[in-house]
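Please look over the sequence and the model below, and then follow the path of the text through one part of the fold.

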Amino acid sequence: MTKINMKGKNVVTTQELSVDEIRALLKLAAEMKGDRYADKWAELMKRQTFIMFFYNPSLRTRQSFEAAATELGGHAQFIEPKAMRLKGVKKGDLEVAGETIHDAAKVMDRYATGLGIRILETSVDNYGDGNQLLREYAKYTDIPVINMADDIYHPCQGLADMLGMQEHNNNQPTKGKTILQTWAKGALARSYCSVHESLLINSRMGVNVKLAFPDDAYELPKDIIEKAKRNAEEAGGTFEIIKGGDPKAAYENVDFVYSRNWFGKDFYEIGKAAEIERASSDKYKDWICDEEKMKTANPGCKFIHPMPVDEGAEVTREVNQGPRSIILDVAENRLHVQKAIMAMTIAGYEVEL
Ligand code: CP
């Protein structure tokens, strides 16, 4: 038996947690889900505040963190930069001479016992700036900083995905199963963070990963691919890249399909309008998850997606709302994994493996 203690630990990406820490969080989240309103969880954050600092909007993240804090006996406070007087992050921001991150972080550190931050690509000028900002807050705080999705990573989503996949694998670890992470058409120019986190946590936990996308424009950042390849080698799994060709071919021998749009690698130069025009091109019309493609996958293959879903573009309604879809279980799991994260990092709850 090993006791896992994560008190005070920041959660920036699952890649920076140990495999045992990931296992401990998943184990605790499953236990909390099975016995949701038990007294043993009800006071872990009694009288404590978790600050949720949102540069970008959210449905699941805000609501699940708020519910999670309530269920642990604490409170989650919602704040946005526009309600403060912070120094701007992006060129053209009005408050160029506002309060520094150093001071804001040090003040939040005095009020709360945990700080969540969301900052996506549309709030920064360059790839990685959002992640850097989050790390700067973490540098000046003693309380744990939890990444609620930045422009690179989304650890809470990755953990919720993994818990959902386990649940739909007879509650067994998914090592040895295969996931297809496929680019999908769509006009939303969607973030990298959930896709990156899925590649990283799946490869880390020994799930075989197939990454499919139509052409050079939709290649993902090299450092993420290198990390995922290394993870797969260390975990004894496989990591395969399928560029171009018939999107249906990639569905062979897979147990989970994660079909989601992501923006092109030149997004930060060309901007959202140009990205949307390109992704809407007719040449990508077959890049949608549908029942016909799912039939070429393994029997019982499930559809997974972090939501919000671009139904009709990323996936058909038949698959998205049909028996293969596990999206709502995964969305619910956001609540349970975030309770586990707060219990372990803020309350110091220990998990035995
Ligand atoms: N999946 C996810 O993070 O959803 P929200 O953007 O609605 O929080």
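**A strand covered on both faces**

In this predicted model, strand S4 is covered on both of its faces, with Gly114, Gly116 and Arg118 buried on one side and Leu115, Ile117 and Ile119 buried on the other. The strand spans residues 114–119, and six of its six residues count as buried, a term that here stands for under 20% relative accessible area.

The setting of S4 is an open sheet of four strands, whose order is S3-S2-S4-S5 and whose pairing is parallel. Because strand S3 (75–79) and strand S5 (145–150) each have a single partner strand, they stand at the edges of the sheet, and one side of each is left without a neighbour there. On average, neighbouring strands of this sheet are turned by 15 degrees against each other, if direction is ignored.

Strands of a sheet pair through backbone hydrogen bonds, either parallel or antiparallel. Between S2 and S4, which run parallel, there are five bridges, and Phe50 has Gly114 in S4 as its bridge partner. S4 is also joined to S5 by four bridges, again with the two strands running parallel; Ile117 stands opposite Asn147 in S5, while Ile119 stands opposite Asp150 in S5.

Helix H4, made up of residues 129–140, packs on this sheet and touches strand S2 (49–54) as well as S4 and S5, and its direction makes about 170 degrees with that of S5. Taken together, S4, H4 and S5 make a β-α-β unit that is right-handed.

Methods:
Residues are numbered from 1 along each chain as its sequence is written. This is a predicted model: local features need pLDDT of at least 70, side-chain atom pairs count only at pLDDT 80 or more; totals for chains, interfaces and linings use all residues. Side-chain values use heavy atoms; hydrogens and water are left out. Two strands pair if DSSP finds at least two bridges between them. Axes are lines fitted to C-alpha atoms, for helices over the stretch in contact, and angles run from 0 to 180 degrees between N-to-C directions. Contact means heavy atoms within 4.5 Å. Buried means under 20% relative accessible area, exposed over 50%, partly exposed in between (1.4 Å probe, protein chains only). A crossover is right-handed if, with the strands pointing away from the viewer, the path from the first strand over the helix to the second runs clockwise.
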